[in-house]
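Open the model in your viewer and keep the selection tool at hand.

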Amino acid sequence: MRRFPAHPFEPLNDWDKLKEECGIFGVIGLADAANFVALGLHALQHRGQEAGGIVTYEAETGFHSERRFGYVRDKFTSSAVMNLLPGDLGIGHVRYSTAGSKGTAQIRDVQPFFGEFAIGGCAIAHNGNLTNAARLRKDLIARGAIFQSSSDSECIIHLMARSLQKTQAERLKDALRLVEGAFSVIAMTRTKLMGVRDALGVRPLVLGRLGEGYVLASETCALDIIGAEFIREIEPGEMVVIENGHIESSRPFPHAKGRSCIFEQVYFSRPDSIVGGRSVYETRRQIGVELALESPVDADLVCPVPDSGTPAAIGFAAQSGIPFGLGITRNQYMGRTFIEPTEQIRNMGVRLKLNVNRALIRGKRVILVDDSVVRGTTSRKIKDMILDAGAAEVHFRIASPPTAWPCFYGVDTPERSKLLAATMTEDEMRDWIGVDSLKFISLDGLYRAAGEAKGRDNRSPQYCDACFSGEYPVIPADKLDEGFEMKTAAE
């Protein structure tokens, strides 16, 4: 992955934040399903901003698929496109590219993927990452499979094709029993909408209802945008099949204790979503409270790094009694191509996207609250901006523990050697960033903020927190084949 953005108007922190790679959405029993899918994907755009796709089914004309690069609002709103997607059953997907491939992705990599089998067609949309995909792909190719994309998700289609089961639902179960890693999958046949989560429930999936129809989505905010009623989360290891207004639930995998991704609470999910029965906003606000209790500091102003640091900054200010202020403003209307990206413009970096409120900052001891530190490059630039505006001191408080390990479950993460916390102590990071103090919330503090009053159960952790702890609940087989070294007992 590149160190700096190739263009100065790329979204802030694209090169210095962890990114969820996918959002998925599906509906059944709603006329003009594609319009609802497009709205749902728009609400999930934060989970993937590179490309999107929609597949629908209409009885007279069959399956229809449209895939586009760009934002949903730009590519799936015109009647010319939406008229190509008739039917009352549809699924959709938004994606980021994976590390190292940004700008080189092909349209064939954009989901949903579709397969036409002897028993009928099936389309799938997958959020997560298969940790044994390389092994599966090698074996499938050796047995004659012809892959059309570079996506691990295509393995599921090929595994379904090789199943001898008589229904698509049973074939999907067969396929998913052979894969490892993290997956929330939405699939559709001519008459069914299906949703399934892996046994640990690492990636989210929720069920809703709108009129006589049903909805599956990555987050509840996508239900809200179409006015759907939230029914419940799909449980870890559960598969639901929806047909003719009836929902059938089954458990295709061996029972395991759920371990959903805790970073959904910290950063990935929208603050107006409900994850694991908890308001994401409230969890993030409580993270700020825990930070203030764990790492107090004398200061004059608590300032969030927009926008993801705002709820934690509100909680920090409330607990500490230090005034909250919007000392940094994001430029919401920055274009991407209205000016040539000369070297001088490139060097402006973060200043093109953020601006400091000098009148508020000048002379103040400022606490900056951010959601995470990955490489630290953006933190250094923001620190420079605050000091240039006349701040007397700069203190960073981070709303997650140090990110010292890569994620292999569907998050675009730099290799471990490029994670600041993997190569430096907290004090060394403080000195490298150049701030007066730097403190991260503890892992126990994060768990308390997420509703676990006693903190993390180290014998049986309640969440997947591998990016912080190095404890991977699913062995990353492909990465081990590539030489990745797991955490040792000494670490």
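Predicted model: local features only at pLDDT ≥ 70, side-chain atom pairs only at ≥ 80, totals over all residues.

Residues are numbered from 1 along each chain as its sequence is written, and side-chain values use heavy atoms, with hydrogens and water left out.

**Ring pairs.** The whole structure holds 13 aromatic pairs. Rings of Phe, Tyr and Trp (its six-membered ring) pair if their centres lie within 6.5 Å; planes under 30 degrees apart count as stacked, over 60 as edge-to-face and the rest as tilted.

**Select F63 and F114.** Their ring centres lie 4.7 Å apart and their planes meet at 50 degrees, so this pair is tilted. F63 sits in strand β4 (residues 62–69) and F114 in strand β6 (residues 113–117), 51 residues apart. Strands (E, at least two residues) are DSSP runs, numbered from the N terminus. F114 is partly exposed, at 36% relative accessible area. That term lies between buried (under 20%) and exposed (over 50%), with a 1.4 Å probe and protein chains only.

**Select W405 and F484.** Here the centres are 6.3 Å apart and the planes at 80 degrees, so the pair is edge-to-face. Both W405 and F484 are buried.

**Select R416, then R137.** What lies over the face of W405? R416 does, 3.5 Å from the ring centre. R137 lies over the face of F147, at 4.2 Å from the ring centre. A charge counts as over a ring if NZ of Lys or CZ of Arg is within 6 Å of the ring centre and within 35 degrees of the ring normal.

Key: Helix = DSSP H or I, 4+ residues; strand = E, 2+ residues; numbered from the N terminus.
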